[in-house]
Amino acid sequence: MFSSLGELRDTYLIAFVLILIAFFADLAGAFITGIVLTRQITKAVDELYRATQYVQAGDLSHRVRIERRDQLGVLGESFI
């Protein structure tokens, strides 16, 4: 692929490798961000689900801690 580029071959090869490294670093960052966000959302949904189990059992004194200010936080406030 880089054999016909002459003197700039090494420069292009280094640039290509650096771009590949940057791409995989971005990919790893996106993957980690996705895992963190997924865990946060599923944790909040699980807490709300457990609160519905308390309400279903008749325990209306159970409280849900509200740590979020998004739609899940608003949903959690309905249990207060």
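1. Largest pocket. The largest pocket has a volume of about 220 Å³. A pocket here is an open set of points on a 1 Å grid over the protein atoms alone, with protein on both sides within 12 Å along at least five of seven lines. A volume is the space filled by probe spheres set on the points, which are joined across faces, edges and corners.

2. Basis of the model. This is a predicted model; local features need pLDDT of at least 70, side-chain atom pairs count only at pLDDT 80 or more, and totals for chains, interfaces and linings use all residues. Residues are numbered from 1 along each chain as its sequence is written, and side-chain values use heavy atoms, without hydrogens and water.

3. The largest pocket is lined by 13 residues; lining residues have an atom within 4 Å of a point. Closest to the centre of the pocket are A44, E47, R65, E67 and R68. By type, the lining holds five nonpolar, three polar and five charged residues. Nonpolar covers Ala, Val, Leu, Ile, Met, Phe, Trp, Tyr, Cys and Pro; charged covers Asp, Glu, Lys and Arg; the others, Gly among them, are polar.

4. Where the lining comes from. Helices α1 (9-56) and α2 (71-77) each supply at least two lining residues. The largest share, five residues, comes from α1. Helices are DSSP runs (H or I, at least four residues), numbered from the N terminus.

5. Nonpolar surface patch. L13, I14, F16, V17, L18, L20, I21, F23, F24 and L27 form a nonpolar patch on the surface. Together they have about 930 Å² of accessible area, computed by the Shrake-Rupley method with a 1.4 Å probe, only the protein chains shown counting as cover for residues. Patch members have over 30% relative accessible area and no salt bridge, and nonpolar side chains (Val, Leu, Ile, Met, Phe, Trp, Tyr) are joined within 5 Å. F16, one of the patch residues, is found in helix α1. F16 has a relative accessible area of 36%, so it counts as partly exposed (buried is under 20%, exposed over 50%, partly exposed in between; 1.4 Å probe, protein chains only).

6. Salt bridge. How many salt bridges does a search of the whole structure find? The search finds one. A salt bridge is a side-chain nitrogen of Lys or Arg within 4 Å of a carboxyl oxygen of Asp or Glu. D46 pairs with R50, and the closest N and O atoms are 3.2 Å apart. Both partners lie in helix α1, four residues apart, about one turn of the helix. D46 is partly exposed at 37% relative accessibility. R50 is partly exposed at 42%.

7. Distances along and across the chain. I41 lies in helix α1 and is partly exposed at 42% relative accessibility. I41 and L72 are 31 residues apart in sequence and 8.3 Å apart in space, C-alpha to C-alpha. R50 and S78 are 28 residues apart along the chain, with their C-alpha atoms separated by 14 Å. R9, also in helix α1, is partly exposed at 37% relative accessibility. The C-alpha atoms of R9 and K43, 34 residues apart along the chain, are separated by 51 Å.

Note on methods. 1 Å grid on protein atoms, 1.4 Å probe; cavity = no way out; pocket = protein on both sides within 12 Å on 5 of 7 lines; lining within 4 Å. Patch = residues over 30% accessible without salt bridge, like charges linked within 9 Å, V, L, I, M, F, W, Y side chains within 5 Å.
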